Amino acid sequence: MDFAIYAPGERRVKILDSTLREGEQTPGVVFSEEWRVRIAKALSDIGVGMIEVGDPNVAPDIKSAIKRIVQLKKEGVIQSEIVVHSRAVKQDLETAASLEPDRVAVFYGVSDIHLKYKHRKTREEALSIIADMVSLVKAHGVSVRFTAEDASRADLDYLIQVVKIARDAGADRVSIADTVGVFTPERAREYFSKVKAAVPDVGLDIHAHNDFGMAVANSLAAVEGGADVVHTTVNGLGERAGITPLQVFAAAYYYHKGVKLVKLEKLPEITAMVEAATGITLMPTFPVSGENAFTHKAGVHQAGVLSNPETYEPIPPEVVGRARDFSLDKYSGRKAVQHRLERLGISVPPDVVDKVVEEVKRSNVPRLRDEDLLEILERVTNMKFKAIVNRHIEAFVWLKVANNVYTTSVARRVAALKNVVSVSEITGDYDVVVKVVAENAEELNRVIENIREIKGVAATLTSLVLKELPVNSHTI
C-alpha cells in the first residue's frame, strides 16, 4: 500500500514487519495468541506491505495464531501479505506451507563461519540444500523467499551464486541478512548494488540488525543499492540490540524520499500496543516515538521552534501522530516561559515574565510542572493562582484487562458502580481509566475492591488527585 505517487520506473519500496517473529526473539518477550492477532491486524491497518507472522514449528500457540491470521487474510480483514518463517528442513517447510500463507521464508546461513561451525557443510553442499528446500516449498504452490542468513559476512561472489541458485529453484525474493549488524551504509549499498546487477530479476530484502546502531542507515543504503523490501519491528525489537525500528525507518524514508510507506500518524498507537504486549517501554530519547522526541529544553532551541519549528525539528510532530512540547527548567528562556503561561490562559506584562524567568533560572529541579510555574507566578505577583484542593477524595484508577476479555464489557460493568463518574477506554500500558469520587479513604478502597472483583480485570493502578488547577483565563 503506497501513500505517494511514484515516478514512472521508480522502484516501489515496502515494509515487511517482523514484530511477531523477530520481535518475539527479544529476551523476555512472549506474545499471547490474542496479542499476535491484534498486532497483525494493527500492522495491516497502518499499511505494512508484508507481515512475518512467525515460525509454526517453534510452538503450538504460534501455529494456532498463524492459522487465525491466515484466515483473517482470506476474509479480507488483513490486507498485508502473510509470510511464514522456517528453517531449511523438509518437515518444517511442509508444515509451514500447509498453513497456506502467501509466502514461506526459508533461511540458511551462507557465511563461511556459519557453514563451518553451524551447518558443517561446504559451500557446494549448502548450494544443493538451498536449491532442494526452495524447490520443495515451490512445489506446494506457495511463493518463496530465501533468506541468506549472515550474508553481510559472506563472500560477495559466493552470495551472488546463492541468490542465483535460490532464484532458479523458484524463489522470487531473497533477503540479504545483516545478522550481526556489521554492515556499514557504504558496504550495504555495495552489496545490494552488485547483487541486483548480477541477478536483476529477483526482489531483494534487507534485514538489518542494530548491534552497532546502524540498522536504519544500513536499510536506507540498501534501498539505494536495490532493495525493495525493508524488514522492521515495532520499537526495534529483536535478538540482542534488535533490528530496524518500524517507526524510525518509516519517518526517515518520508523525510528523505517524500514517500509515506505506512500511515505515519498511526505510529503512536501501534507503538503503545507493542509496549503493552511486551512490557518493554521506550527510552525517552528513542527517535520518533520516545517521550522526548519532540520536546525542546534549551532556551535557544525553544525560541527557535516558537519562531519556526523547522529550526529544530526535521518533520512536524503531527506527521507522526505526536505533539510538540517544551521542558521548563533553568535552561529555559523568556519565550518558552511566556508560551507556557499563555497555554495556561495567563497573560502577564513583559516585566512580570522577566521576574518569573529569573525565578525559573534559580530553580534546580529536573523539570518544572505547570503548577510549579504557577506557584512562582504567585510569588512574584502577590496574586493568587492557587490550585483548588479537593475536600472529598478523587482518584483515577487505571485497569489492565485480561487478553481473552473484551475491554468494552469490563468498562460497562465498571461504569455501573457507585462513585464512578467517568470511564474511558485508552491506548497504552492500561486499557481503561476510571475516575472515582469518594467521601473518604474507606469508601475509595471499597470502590477499588469492587472494580478488582469484576471478571476480566487483570491489574489496577490508582492515582489520587491532589489538587485541580483553575481552567479560567487570567490577565494581569
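Before comparing helices I noted that axes are lines fitted to C-alpha atoms, taken for helices over the stretch in contact, with angles running from 0 to 180 degrees between N-to-C directions. I also kept in mind that this is a predicted model.

**Entry: helix 7 and helix 8**

I looked up helix 7, residues 185-198, against helix 8, residues 215-225, and found that their axes come within 7 Å and cross at roughly 30°. Since angles under 35 degrees count as roughly parallel, helix 7 is therefore roughly parallel to helix 8. I recorded the crossing of helix 7 past helix 8 as right-handed. On the side of helix 7 the contact is made by P185, A188, R189, F192, S193 and K196, and on the side of helix 8 by A217, N218, A221, A222, E224 and G225. Sorting the residues of this contact of helix 7 with helix 8, I wrote down six nonpolar, three polar and three charged.

**Entry: helix 12 and helix 13**

Next I turned to helix 12 (residues 334-343) and helix 13 (residues 350-362), whose axes come within 9 Å and cross at roughly 110°. The two helices are therefore roughly perpendicular to each other. R334, V337 and Q338 of helix 12 meet P350, V353, D354, V356, V357 and V360 of helix 13, and the residues of this contact divide into six nonpolar, one polar and two charged.

**Entry: the largest pocket**

Finally I checked the largest pocket, which holds about 710 Å³ of space. It is lined by 26 residues, of which W35, R38, M273, T407 and D431 are the closest to its centre. Helix 1 (33-45), helix 10 (267-278) and strand 12 (393-401) each supply at least two residues of the lining, and I noted the lining as 12 nonpolar, five polar and nine charged residues.

Note on methods: Residues are numbered from 1 along each chain as its sequence is written. This is a predicted model: local features need pLDDT of at least 70, side-chain atom pairs count only at pLDDT 80 or more; totals for chains, interfaces and linings use all residues. Side-chain values use heavy atoms; hydrogens and water are left out. Helices (H or I, at least four residues) and strands (E, at least two) are DSSP runs, numbered from the N terminus. Angles under 35 degrees count as roughly parallel, over 145 as roughly antiparallel, 65 to 115 as roughly perpendicular and the rest as oblique. A crossing is left-handed if the near helix is turned anticlockwise from the far one by less than a right angle, and right-handed if clockwise. Contact means heavy atoms within 4.5 Å. Ala, Val, Leu, Ile, Met, Phe, Trp, Tyr, Cys and Pro count as nonpolar, Asp, Glu, Lys and Arg as charged, and the others, Gly among them, as polar. On a 1 Å grid over the protein atoms alone, a cavity is a set of points where a 1.4 Å probe fits but cannot get out, and a pocket is an open set with protein on both sides within 12 Å along at least five of seven lines; lining residues have an atom within 4 Å of a point. Grid points are joined across faces, edges and corners, and a volume is the space filled by probe spheres set on the points.
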